[in-house]
Amino acid sequence: MQHLLSAGDLTRDEALLILDTARELSQVSERSVKKLPTLRGRTVVNLFYEDSTRTRISFEAAAKRMSADVINFSARGSSVSKGESLKDTALTLQAMGADGVVIRHSAPGAARRLADWVDGVVINAGDGTHEHPTQALLDAYTMRERLGRVEGLRVAIVGDIRHSRVARSNVLLLTTLGAEVTLVAPPTLLPVSVDTWPCAVSYDLDEVLPKSDVVMMLRVQAERMHSSFFPSAREYSRRYGLDADRLARMADHAIVMHPGPMVRGMEISAEVADSARSTVTEQVTNGVSVRMAVLYLLLGGAIHRPGNQGEPR
Amino acid sequence: MTTTTRYLIRNARILGGEPTDLLLAHGRIDAIGPDLPADGAEVVDAAGAIALPGLVDLHTHLREPGREDAETVATGSRAAAMGGYTAVFAMANTDPVADTAGVVEQVWRLGRDAGYCDVHPVGAVTVGLKGERLAELGAMADSPAKVRVFSDDGMCVSDAQLMRRALEYVKAFDGVIAQHAQEPRLTEGAQMNEGVVSDRLGLAGWPAVAEEAIIARDCLLAEHVGSRLHVCHVSTKGSVQIIRWAKSRGCDVTAEVTPHHLLLTDELAESYDPVYKVNPPLRTAEDVEALREGLADGTIDIVATDHAPHPSEAKETEWNQAAMGMIGLETALSVVQHTMVDTGLLDWAGVAQRMSATPARIGRLTDQGRPIAVGEPANLTLYDPTATRVIDPATMVSKSRNTPFAGMTLPGRVLATFLRGVPTVLDGKIQ
């Protein structure tokens, strides 16, 4: 594998290698000197066409902890806002000798297009309504940390599945890793061909909750109601929001996840978001480790040889 | 336009029949028969190639006026000649829109000046393609361009009352409304066929029902007011079924399919390469099969290219940002051979009917799409079906390069095209 464009590109062994590597690398973040020399002399460009402080900082921290040189390229205030095409930006980065490009873009497939135009490694940090593979990896990592495994876990993903890159990547990765995924949403927020996806579907959150080990809540934009995906924020919240009452009906060991940013009071109540069952802040922490692993394995080339990844220390 | 040079075509197989000779003189077919004497005529050895009536494309975008960076009437009509066409209908979505007698006359004159094929402008149905009020259809019909085909192609005449009025109004001059069937609300922001692939790719879906609902409505409207309806670029299985049903009721509807919808499927979008982005979108293999069947059994009357040139910067971009459309004039006959003839679904007479005679009839042309017979206009295409070629965008005569068939090996090659006895293509080269 040269790039990370889709969670579906990862074999089970590759995904596990990333998670195992992330585990090892996480120890770096616990040291007083949070730095490894691994990617010294390598240049990583964070090419962000969408505002996403959380994801950009996570990739930036990951690259810097591996001693890579990081260039942040934000679309706002750059040549992009003057009409430069993605292709020309790609050729510019290529000419500057970027070893890796982390791209966040509103257009599905933007990462794939970029990979057609540059020689370096391309990492998809979210391309519109398509995918967000490192989010799925950090989610799987978090499940492993909290529940000891991913295989066999019953995972409910709740919310705007149709427009969610997080849901797409998670369905692919969690299926690869042997979890049983159930998507929960009103029918309007499910893809039309969801019956062909490798997962179960339910319109009824209360039926799915008690049977789930993991409940992953997705952000739902209130504006969706203007396109009649649902009648009102209040009705959505009543039928699909996770509040304290519903939390109480979950299994004792079950965890609540959210990729952020949360809309408190919409898909998740503040009480649930702040509860001990919620992994929201751990997900952020784990994101850095997982992105370190991805950068290390792709830029170090070690992912070509699973089982022989060497010592990251 | 005629020529004093006479051409003797040796060993051509008319509609795939036995080899014979054809003598072209004074813009007409002067004689047909074996071993005709050359008698000073310029001899063209067809060497067993098939002779077809010059092809007629009811749906071409020549981009002039307004987007001469993508195509001009001259470059587009040269591309048409290379593809074996002797007449094309140029769609109205230019800038300015061809919604007045002035613009259609301009396009018509540009076509005459270029001289590579007959260029018949299509008039817009509504002013500025806005779908709000009728353009001056009668003025365009009465102009020297004699417009008979009206279309807002690129946009759907979605207002049912306006569509009804348009269908009724053009009866006065035997016109036809060519509808771009796309329900606008169901396709807001749509990027590709809605289904398994769009869901996987996260691209906004373009449901088949958005096309089918408009076709069903328009067939019923046309039947109600007793008008002619033509359906542009049919792309779904459901559309084929609805048109078959409408014809069985006696509705005066005709329909076209593009070469790319006869061959390509939505899975090509997996690459996110917008060269595969087109309106209507590429559909599924099941749709492709239904379209081929529909074209074979006559439910779909004709093949039309929807040749849609775009400059490279409109395609070398993110999928969402890219322009919709693909060029097709220079590959149409090869794709039809590959999908319809080599599969046994059509013979060459069937191809001639669907790519020449019937499109000419729908567009009310009297001197195109004629039989290959003595006394008829010498509009001819010589086509070698035994050739194969790898499609190379760099060798296209069109000004644009956005062919979805790039790199594919396709059968057949146009050897020569004659427009009223004048070769526009000879030895496979533009003249």
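Residues are numbered from 1 along each chain as its sequence is written, while chains are lettered from A and ligands numbered from 1 in the order in which they are written. In this predicted model, local features need pLDDT of at least 70 and side-chain atom pairs count only at pLDDT 80 or more, whereas totals for chains, interfaces and linings use all residues.

Chain B is divided into domain 1 (7-50 + 375-430) and domain 2 (54-362), with bounds that come from an automatic or database domain assignment. Taken over C-alpha atoms, the centres of domain 1 and domain 2 of chain B are 26 Å apart. Across the boundary, 28 residues of domain 1 of chain B are in contact with 40 residues of domain 2 of chain B; two residues are in contact if their C-beta atoms, placed from the backbone, lie within 7 Å. On the side of domain 1 of chain B that touches domain 2 of chain B, the elements giving two or more residues are strand 16 (380-390), strand 17 (409-419) and strand 18 (422-426) of chain B. Strand 17 of chain B gives the most to that side, with 6 residues. Helices (H or I, at least four residues) and strands (E, at least two) are DSSP runs, numbered from the N terminus. By class, this side of domain 1 of chain B has 16 nonpolar, 10 polar and 2 charged residues. Here Ala, Val, Leu, Ile, Met, Phe, Trp, Tyr, Cys and Pro count as nonpolar, Asp, Glu, Lys and Arg as charged, and the others, Gly among them, as polar.

A UniProt annotation, from an unreviewed entry, marks His59(B), His61(B), Asp153(B) and Asp306(B) as "binding site". UniProt positions are given in the numbering used here, feature names are shortened, and such annotations may be inferred rather than shown by experiment. These residues are spread over 248 residues of sequence, yet they cluster in space, with a largest C-alpha distance of 9.7 Å. His59(B) is part of strand 6 (residues 55-60) of chain B. His59(B) counts as buried because it has 28 C-beta neighbours inside 10 Å; a residue is buried if 20 or more other C-beta atoms lie within 10 Å of its own, exposed if 12 or fewer, and partly exposed in between, with C-beta atoms placed from the backbone. Not counting residues up to four places away in sequence, the contacts of His59(B) include Met91(B), Cys232(B) and Asp306(B). Asp153(B) lies in the loop between strand 9 (149-150) and helix 4 (160-169) of chain B. Asp153(B) is also buried, because 26 other C-beta atoms lie within 10 Å. Beyond its neighbours within four places in sequence, Asp153(B) is in contact with residues including Met91(B), His180(B) and Cys232(B).

In chain A, Ile157(A), Val158(A), Val215(A) and Leu295(A) touch the most other members of the largest nonpolar core, which has 241 residues. A nonpolar core is a set of buried Ala, Val, Leu, Ile, Met, Phe, Trp, Tyr and Cys residues joined through C-beta atoms within 7 Å. Helix 11 (residues 280-300) of chain A gives the most to this core, with 11 residues.

Strand 8 (residues 214-217) of chain A is covered on both faces: Val214(A) and Met216(A) are buried on one side, and Val215(A) and Met217(A) on the other. Strand 5 (residues 154-158) of chain A runs parallel to strand 8 of chain A, joined by 4 bridges.

Note on methods: Pairing = 2+ DSSP bridges.
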